[in-house]
Amino acid sequence: MKPSHADQVEIDRALPHWPQVAAEIRRRIQNGTYRPGERLPGTVAIAAEFDVSQSTATRAVASLRPEGLVRVVSGRGYFVAEGAN
């Protein structure tokens, strides 16, 4: 079942937020919650789910690009890279 932005995920407020969000998205990619070729939720939805700013959500998702887990399609959003699982 896909996570809903109505269900906020708790993060440790004492630690930097974006690495925690990135770790959870990475986990979801690796366990197949988000499948290769699938569009990730938008940064507004991610921000709401984790109760963080949109810029934090953007930084978290963008940090997964160098790992080869996500790719960006200009004007369309972030997608799980093929072979990312």
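Modeller: Arg-27 lies in helix H1, residues 17–30. The model is predicted.

Biologist: Is Arg-27 buried, partly exposed or exposed?

Modeller: The relative accessibility of Arg-27 is 42%. Buried would require under 20% and exposed over 50%. Since the value for Arg-27 falls in between, the residue counts as partly exposed.

Biologist: What distance separates the C-alpha atoms of Arg-27 and Ala-84?

Modeller: Along the chain, Arg-27 and Ala-84 are 57 residues apart.

Biologist: Which pattern does the protein chain follow along the sequence?

Modeller: The secondary structure comes to 3 helices and 2 strands. Read along the sequence, these elements give the pattern α-α-α-β-β.

Biologist: Which residues are in contact with Thr-43, leaving aside its neighbours within four places in sequence?

Modeller: Thr-43 belongs to helix H2, residues 43–50. Its relative accessibility is 14%, and because the cut-off for buried is under 20%, Thr-43 counts as buried. With neighbours within four places set aside, the contacts of Thr-43 are Gln-54, Ala-57 and Thr-58.

Biologist: What is the phi of Asp-51, and where does Asp-51 lie?

Modeller: Asp-51 is in the loop between H2 and H3. At a relative accessible area of 44%, Asp-51 is partly exposed. Although Asp-51 is not a glycine, its phi is positive, at about 55 degrees. Most residues other than glycine have a negative phi.

Biologist: Where is Glu-67 found, and what distance separates its C-alpha atom from that of Ala-23?

Modeller: Glu-67 sits in the loop between helix H3 (54–62) and strand S1 (70–73). Glu-67 counts as partly exposed, because its relative accessibility is 42%. Glu-67 and Ala-23 are 44 residues apart along the chain, and their C-alpha atoms are separated by 12 Å.

Biologist: Which residue in S2 is the bridge partner of Arg-71?

Modeller: S1 and strand S2 (residues 77–80) run antiparallel and are joined by 4 bridges. In S2, the bridge partner of Arg-71 is Phe-79.

Biologist: Which residue in the turn of the hairpin has a positive phi?

Modeller: S1 and S2 form a hairpin with 3 residues between them. In that turn, a positive phi of about 80 degrees belongs to Gly-75.

Biologist: What radius of gyration does the protein chain have?

Modeller: The C-alpha trace spans about 35 × 25 × 20 Å along its principal axes. For 85 residues, a compact globule would have a radius of gyration near 12 Å. The chain agrees with that expectation, as its radius of gyration is 12 Å.

Biologist: What share of contacts between residues at least 6 apart joins residues at least 24 apart?

Modeller: Of the 85 residues, 35% count as buried. Among contacts between residues at least 6 apart in sequence, the share joining residues at least 24 apart is 61%.

Biologist: How much of the accessible surface belongs to carbon and sulfur atoms?

Modeller: The accessible surface of the protein chain comes to about 4900 Å². The part that belongs to carbon and sulfur atoms is 51%.

Biologist: How far apart are the mean positions of the positive and negative charges?

Modeller: The protein chain has 11 positive and 9 negative charges.

Definitions and conventions. Residues are numbered from 1 along each chain as its sequence is written. This is a predicted model: local features need pLDDT of at least 70, side-chain atom pairs count only at pLDDT 80 or more; totals for chains, interfaces and linings use all residues. Side-chain values use heavy atoms; hydrogens and water are left out. Buried means under 20% relative accessible area, exposed over 50%, partly exposed in between (1.4 Å probe, protein chains only). Two strands pair if DSSP finds at least two bridges between them. The radius of gyration is taken over C-alpha atoms; the globule rule is 2.2 Å times the number of residues to the power 0.38. Contact means heavy atoms within 4.5 Å. Accessible areas come from the Shrake-Rupley method with a 1.4 Å probe; for residues, only the protein chains shown count as cover. Lys and Arg count as positive and Asp and Glu as negative; His and the chain ends are not counted. The place of a charge is taken as NZ of Lys, CZ of Arg, CG of Asp or CD of Glu.
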